[in-house]
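Work through these exercises with the model open beside you. Try each task before you read its solution.

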Amino acid sequence: MSTRPNVNELLEAGFGMGGERLAALDLVDTEMLVPDPTIDLLAPDGQFDKWWALQAGRLPEGPIPDAAATRRIRAAVREVLDAHLAARKPQPTAIEDLNAASASAPQSVRLSADGQLEVRYHPEYGGNAKLAAIARETIELLADAEQLALLRRCANPECSMVFLAEHKRRQWCVGSICGNRTRVARHYEKTRKHS
């Protein structure tokens with residue numbers, strides 16, 4: 001559970017996101033909140049299964065969760081991250097949903113034959129291991145002040161994507177998309193004023 005999709009794989013598949021370190025962030029970024037109405041990138045035919053297939057290398061094995069459960073955990077993750085970014089308390093129901101999803105497929109820590117730490121999910125007790133892993137990632141992020149300090153929203157005012165800024169200068173979800181759009185818009189404004 002460590003291979004994350006890269007930005008090119010996600011873009012080619014129709015997802016305008018950056019292949020973030022956490023699957024939870026990639027899931028949140030499948031809903032574009034700025035356009036009115038919002039755009040659910042999981043809604044078009046085939047996109048739901050395609051997104052889960054792209055995330056398979058970093059999530060536990062098991063069945064793909066149903067669409068309603070996926071959207072519910074996505075909303076909970078979005079709420080707690082937005083609350084942090086806005087310096088407000090998250091809705092209690094979002095925290096309850098995260099905790100419930102995490103607990104629904106219990107986990108145990110194991111030592112692999114090569115001495116690596118592994119987390120094993122136990123869906124045999126109910127729940128969905130993929131959603132439990134996403135909930136766990138979110139909970140661990142919220143509990144880690146150092147990592148949480150890296151959480152950012154894209155600097156493009158027409159984008160709602162969130163990411164972990166592993167470099168201080170990172171401002172955009174995907175530099176080649178939002179960063180480029182912002183630079184082009186700035187250039188246009190400068191040249192328009194001087195015309």
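**Exercise 1.** Does aspartate 97 count as buried or exposed? Then find its charged partner.

Solution.
Step 1. This is a predicted model. Aspartate 97 has a relative accessibility of 18%. Buried means under 20%, so aspartate 97 counts as buried.
Step 2. Side chains of opposite charge can pair when their charged atoms come close.
Step 3. Aspartate 97 meets arginine 72 in a salt bridge, at 2.8 Å from N to O. Aspartate 97 sits in helix 5 (residues 92-104) and arginine 72 in helix 4, so the pair ties together parts 25 residues apart in sequence.
Step 4. Now check the partner. Arginine 72 has 52% relative accessibility, so it counts as exposed.

**Exercise 2.** Which residues form salt bridges with aspartate 40?

Solution.
Step 1. Start with arginine 71. Its salt bridge with aspartate 40 has the closest N and O atoms 2.6 Å apart. This pair links distant parts of the chain: arginine 71 is in helix 4, aspartate 40 is in strand 2 (residues 39-40), and 31 residues separate them.
Step 2. Go on to arginine 74. Here the closest N and O atoms of the salt bridge with aspartate 40 are 2.9 Å apart. Arginine 74 lies in helix 4 and aspartate 40 in strand 2, so parts 34 residues apart in sequence are tied together.
Step 3. Compare burial. Aspartate 40 and arginine 74 are both buried. Arginine 71 is partly exposed, with a relative accessible area of 27%.
Step 4. Widen the view. Glu31, Asp40, Arg71 and Arg74 are linked in a network of salt bridges. The whole structure holds twelve salt bridges.

**Exercise 3.** Locate arginine 58 and list backbone oxygens that its side chain contacts.

Solution.
Step 1. Look in the loop between helix 3 (47-55) and helix 4.
Step 2. Check burial. The relative accessible area of arginine 58 is 6%, so arginine 58 is buried.
Step 3. List the contacts. A polar atom of the arginine 58 side chain lies 2.6 Å from the backbone oxygen of glutamate 20. For the backbone oxygen of arginine 21, the distance to a polar atom of that side chain is 3.0 Å.

**Exercise 4.** Which residues line the largest cavity?

Solution.
Step 1. Count. There is one cavity of 30 Å³ or more. The largest cavity holds about 30 Å³ of space.
Step 2. Name the lining: Glu61, Gly62, Pro63, Pro123, Gly127, Asn128, Ala129 and Lys130.
Step 3. Sort the lining: three residues are nonpolar, three polar and two charged.

Notes:
Residues are numbered from 1 along each chain as its sequence is written. This is a predicted model: local features need pLDDT of at least 70, side-chain atom pairs count only at pLDDT 80 or more; totals for chains, interfaces and linings use all residues. Side-chain values use heavy atoms; hydrogens and water are left out. On a 1 Å grid over the protein atoms alone, a cavity is a set of points where a 1.4 Å probe fits but cannot get out, and a pocket is an open set with protein on both sides within 12 Å along at least five of seven lines; lining residues have an atom within 4 Å of a point. Grid points are joined across faces, edges and corners, and a volume is the space filled by probe spheres set on the points. Ala, Val, Leu, Ile, Met, Phe, Trp, Tyr, Cys and Pro count as nonpolar, Asp, Glu, Lys and Arg as charged, and the others, Gly among them, as polar. Helices (H or I, at least four residues) and strands (E, at least two) are DSSP runs, numbered from the N terminus. Buried means under 20% relative accessible area, exposed over 50%, partly exposed in between (1.4 Å probe, protein chains only). A polar contact is a pair of N or O atoms within 3.5 Å; within protein, one must be able to donate a hydrogen and the other to accept it, and residues adjacent in sequence count only if both atoms are side-chain atoms. A salt bridge is a side-chain nitrogen of Lys or Arg within 4 Å of a carboxyl oxygen of Asp or Glu.
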